[in-house]
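Subject: Structure for your review

Dear colleague,

Please find below the structure that I am handing over to you. My notes on what was found in it follow directly after.

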Amino acid sequence: MYAKCAADGSVDDSRKVFEQMPEHNVMSWTAIITAYVQSGECDKEAIELFCKMISGHIRPNHFSFSSVLKACGNLSDPYTGEQVYSYAVKLGIASVNCVGNSLISMYARSGRMEDARKAFDILFEKNLVSYNAIVDGYAKNLKSEEAFLLFNEIADTGIGISAFTFASLLSGAASIGAMGKGEQIHGRLLKGGYKSNQCICNALISMYSRCGNIEAAFQVFNEMEDRNVISWTSMITGFAKHGFATRALEMFHKMLETGTKPNEITYVAVLSACSHVGMISEGQKHFNSMYKEHGIVPRMEHYACMVDLLGRSGLLVEAMEFINSMPLMADALVWRTLLGACRVHGNTELGRHAAEMILEQEPDDPAAYILLSNLHASAGQWKDVVKIRKSMKERNLIKEAGCSWIEVENRVHRFHVGETSHPQAWQIYQELDQLASKIKEMGYIPDTDFVLHDIEEEQKEQFLFQHSEKIAVAFGLISTSQSKPIRIFKNLRVCGDCHTAIKYISMATGREIVVRDSNRFHHIKNGVCSCNDYW
């Protein structure tokens, strides 16, 4: 009772009652373990309690195992989870549904989808929770094809599909930008009578905005009968990511007028909206009002947003001063944000300091090495680049490969730099050659500063036209209807030269091109981008 009624997630009162009991049985142990898991931040303590329970010769039941496996999943600790599961096998209760379902979820949350699938396949009797656990796992691990195949399997079993299943699938579609699949799911859930389900509507807002159709997201929001803080925050986040800061802030003010109390995530969205368009004073005003007006204590994400706001505007010294004034010790996220700004504005000295601070906390973070390497490369400091790459090699750190993708006729096509394995590679490169000639005539000049390799100028220009986002755009032009926008997705920040080239391509072809990178959306039409070249 105390655990379920604690608004702040505290387990102190539950623990006091537990400690006052003269004797503990499996029910009391399981109740306190579950309380710790459900509190949201006490998973290690839950596992420690489970160990005390079994050392006291209390035999756990299937609910005990289910809770402790959930704790292992929350901690992404499959090693401990496997030990716990082995004990469940020894006691002969591993085949109970709730234990098997928790094992699936534990593996999925640890990113081990092959093991999650094995755990799913060996379940003697699968229920909706089993299917939801594996579908959600595939969706969160960016394996939406497998998630959609299982979705069809659920429909065939006659088990029935829950709102959670739909929400997971919409999340999967959103993560890879598969709007066609998202629209199909939207159609299915309307038939299933989920139109007014708040959880589903929130997932739809997120799906449409993350897939590049912010107006469709806004339409879902407007049609909602009952909105909560998640609905408002999803819409504010969508407008912020798409660069519509004014609309994001208008939405925030409307939210306050309705009496809906913002939370920490709402403020991350508001500060991000200000950051994406350089509204420094507005951002500072909202940052200062968080605690004063709503009692929200700024977290590290909010400080990172403020560093981004200052750094993106070129106020690197002010950003550094802000970090030094923080009441918390800046974590790697804050320093990574500053390092990114140093890379954009070419401040090698401050960038090196930011990288050192990141590597002090996370010595095996490849992103810090890459950002610093790129900073030196853009300044032509090739010896430093070689030194950093050598250090990465010694530590076995691998750079995340740049990848762009586009959904055409419900199929996602992925492209890496210099991609030649696609069945239509010849047509793609033919289209790229024609585009290069057209846009050069219009005034496009390749910016070889974005080729961070020590090679000849002519090679640099050739290399630029092999970037994954340009290849994806070329494929989009030869594969989609003239009337539809081309929607491209990239796992990293869009290259500055590609951004310029795509603006020229939009003029040369008359097509609207929407690019989602790791930071935000770029809506490019008639040579103009929604970011106003500020990103």
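Two strands are taken to pair if DSSP finds at least two bridges between them, and the elements themselves are DSSP runs numbered from the N terminus, with helices being H or I of at least four residues and strands being E of at least two. Please note that this is a predicted model, in which local features need pLDDT of at least 70 and side-chain atom pairs count only at pLDDT 80 or more, while totals for chains, interfaces and linings use all residues. Residues are numbered from 1 along each chain as its sequence is written, and side-chain values use heavy atoms, with hydrogens and water left out.

Six strands form an open sheet with mixed pairing, in the order 2-1-3-4-5-6. Its edges are strand 2 (411–416) and strand 6 (528–529), each of which pairs on one side only. Strands of a sheet pair through backbone hydrogen bonds, either parallel or antiparallel.

Strand 1 and strand 2 run antiparallel and are joined by six bridges; here Ile 406 stands opposite His 413 of strand 2. The hairpin of these two strands has two residues between the strands, and Glu 409 takes a positive phi near 50° in it. Strand 1 is also joined to strand 3 by two bridges, again in the antiparallel sense, with Trp 405 opposite Phe 489 of strand 3.

Strand 3 (residues 486–490) pairs with strand 4 (residues 513–516) in the parallel sense, over four bridges. Within this pairing, Ile 486 stands opposite Ile 513, and Val 515 is the bridge partner of Ile 488. Five of the five residues of strand 3 are buried (under 20% relative accessible area; exposed is over 50%, and partly exposed lies in between, with a 1.4 Å probe and protein chains only). In a regular strand the side chains alternate between the two faces of the sheet. In strand 3, Ile 486, Ile 488 and Lys 490 point one way, whereas Arg 487 and Phe 489 point the other way.

Helix 27 (residues 468–479) lies across strand 1 (403–408), strand 2, strand 3 and strand 4, and runs at about 15° to strand 1. For this angle, axes are lines fitted to C-alpha atoms, for helices over the stretch in contact, and angles run from 0 to 180 degrees between N-to-C directions. Contact means heavy atoms within 4.5 Å.

Aromatic pairs

Rings of Phe, Tyr and Trp (its six-membered ring) pair if their centres lie within 6.5 Å; planes under 30 degrees apart count as stacked, over 60 as edge-to-face and the rest as tilted. The count by this rule comes to 15 aromatic pairs. One of them is the edge-to-face pair of Phe 218 and Phe 239, at 5.5 Å centre to centre and with 65° between the planes. Because Phe 218 lies in helix 14 (residues 214–223) and Phe 239 in helix 15 (residues 229–241), this pair ties together parts that are 21 residues apart in sequence. Phe 218 is partly exposed, with a relative accessible area of 21%, whereas Phe 239 counts as buried at 1%.

The rings of Phe 221 and Trp 232 also form an edge-to-face pair, with centres 5.0 Å apart and planes at 75°. Phe 221 lies in helix 14 and Trp 232 in helix 15, so this pair ties together parts that are 11 residues apart in sequence. Both Phe 221 and Trp 232 are buried. Ring pairs link Phe 218, Phe 221, Trp 232 and Phe 239 into a cluster.

Nonpolar cores

A nonpolar core is a set of buried Ala, Val, Leu, Ile, Met, Phe, Trp, Tyr and Cys residues joined through side-chain atoms within 4.5 Å. The largest has 125 residues, of which Val 334 and Leu 338 touch the most other members. Helix 19 (residues 300–312) gives the most to this core, with eight residues. A second, separate core of 30 residues includes Ala 472, Phe 475, Val 494 and Cys 498.

Yours sincerely
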